[in-house]
Amino acid sequence: MLTARSRALLDRYSLASRALAAVSGERVSREPGQGVEFHDFRPYQPGDELRYADWRVYARTGRLYTRLYQAERAVRLHLVLDDSASMAVGGKRAYARVLAQLISYVAQRDAPTQVHRVSGGSSRPLQGRIAMSATWSFIDESIGARGSGPVSGLKTFALSLPPQRGSGLALVISDLFEDAPLRPGLSALKARGLDAAFLQVVAAEDLDPPRGELEVVDVETEERRPAGPDEVEAYRREVRRFLERTRETVLRAGFRHLLLVAPPAGAAGEHAALEKEAFADLLRAGVLVRR
């Protein structure tokens with residue numbers, strides 16, 4: 001459950017932006033030529049569509065910014081949670097839980113919101129603050145579950161929905177750690193008419209494990225093997241290549257990709273501190289914008 005301070009703060013925000021704007025045909029224009037309402041700028045990121053770049057700002061400042069739009073009518077949110085074993089590493093589960101609580105609190109105010117476990121199982125679509133406790137209970141159950149790979153489960157999730165253009169936004173919270181191709185899942189999301197945004201949550205120790213003689217444990221398969229400094233360095237390089245490949249694949253599919261590093265377990269202190277950090281990350285990532 002979120003603190004009263006976080007709820008009061010979130011009441012001033014809505015879900016962004018470009019992902020919602022892609023279904024602009026359903027909305028009333030607030031700005032000439034747009035089916036959605038202009039909300040904010042953020043620095044241009046590789047993969048942003050150039051038609052959303054603000055060239056007037058670029059001419060004045062020499063810096064490229066992307067224009068963010070807020071849907072006139074909120075769309076249905078499918079919040080997809082990774083419940084695989086690798087999310088238990090380095091505080092990722094606790095961080096993902098808070099991210100899901102913050103996002104669902106904002107989304108469910110205005111539109112039906114449904115939470116899905118990537119390994120299977122969904123909450124009922126609910127709308128309105130009165131039903132928040134039911135949504136958060138499902139989030140708690142999902143975070144504590146032990147499911148299978150997030151990438152292979154993504155296609156199954158998408159195909160479980162009826163095809164309908166502009167049927168909603170799928171927001172995926174996962175480390176995406178699975179040796180499986182991501183493209184089939186992305187194609188399935190497109191085939192179902194969904195926009196999507198990926199919050200790829202990793203732990204600091206995923207990116208930079210300690211040096212020295214280690215024993216590497218695959219939390220998905222429980223396989224163990226020794227690893228010296230050379231193997232650790234090779235692992236670090238491969239993780240970075242994996243993250244680059246994943247981001248490129250998601251952006252090429254026309255979806256958003258945001259890499260978030262979970263605070264180490266215990267480092268964020270009390271729950272309120274973790275909420276504050278997650279909220280700041282969602283603002284920096286452009287997931288939340290002012291109403």
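**Figure 1. Residue classes around the largest pocket.** The lining of the largest pocket brings together 19 nonpolar, four polar and 13 charged residues. Here Ala, Val, Leu, Ile, Met, Phe, Trp, Tyr, Cys and Pro count as nonpolar, Asp, Glu, Lys and Arg as charged, and the others, Gly among them, as polar. Please keep in mind for every view that this is a predicted model, in which local features need pLDDT of at least 70 and side-chain atom pairs count only at pLDDT 80 or more, while totals for chains, interfaces and linings use all residues. Residues are numbered from 1 along each chain as its sequence is written, and side-chain values use heavy atoms, with hydrogens and water left out.

**Figure 2. The largest pocket and the elements around it.** The volume of this pocket is about 1400 Å³. A pocket is an open set of points on a 1 Å grid over the protein atoms alone, where a 1.4 Å probe fits, with protein on both sides within 12 Å along at least five of seven lines; lining residues have an atom within 4 Å of a point. Grid points are joined across faces, edges and corners, and the volume is the space filled by probe spheres set on the points. Of the 36 lining residues, Phe177, Val216, Asp218, Tyr235 and Val239 lie nearest the centre. Helix 8 (204-207), strand 8 (214-217), strand 9 (224-227) and helix 9 (229-252) are the elements that each give two or more residues to the lining. Helix 9 gives the most, with nine residues. Helices (H or I, at least four residues) and strands (E, at least two) are DSSP runs, numbered from the N terminus.

Figure 3. Buried means under 20% relative accessible area, exposed over 50%, and partly exposed in between (1.4 Å probe, protein chains only). In soluble globular proteins, nonpolar side chains tend to be buried together.

Figure 4. Strand 5 (residues 113-117) is largely enclosed by the rest of the structure, because five of its five residues are buried. Thr113, Val115 and Arg117 point one way, while Gln114 and His116 point the other way. In a regular strand the side chains alternate between the two faces of the sheet. Strand 4 (residues 77-81) pairs with strand 5 in the parallel sense over five bridges; strands pair if DSSP finds at least two bridges between them. Which residue of strand 5 stands opposite His78? Look for Gln114. From strand 4 the chain passes through helix 4 to strand 5 in a right-handed β-α-β crossover. Right-handed means that, with the strands pointing away from the viewer, the path from the first strand over the helix to the second runs clockwise.

**Figure 5. Strand 7 between its pairing partners.** In strand 7 (residues 194-203), 10 of the 10 residues are buried. Leu194, Ala196, Phe198, Gln200 and Val202 point one way, and Asp195, Ala197, Leu199, Val201 and Ala203 the other way. Strand 6 runs parallel to strand 7 and is joined to it by seven bridges, with Val172 bridged to Phe198. Strand 6, helix 7 and strand 7 form a right-handed β-α-β unit. Strand 7 also pairs with strand 10 (residues 256-262) in the parallel sense, over seven bridges. There, Val261 is the bridge partner of Val202.

**Figure 6. Leu176 and its phi angle.** Leu176 sits in the loop between strand 6 (168-174) and helix 7 (183-191). Its phi is positive, about 60°, although Leu176 is not a glycine. Most residues other than glycine have a negative phi. Leu176 counts as buried, at 4% relative accessibility.

Figure 7. Ser119 belongs to the loop between strand 5 and helix 5. Is Ser119 buried or partly exposed? At 33% relative accessibility, Ser119 counts as partly exposed. Ser119 and Ser148 are 29 residues apart along the chain, and their C-alpha atoms are separated by 5.5 Å.
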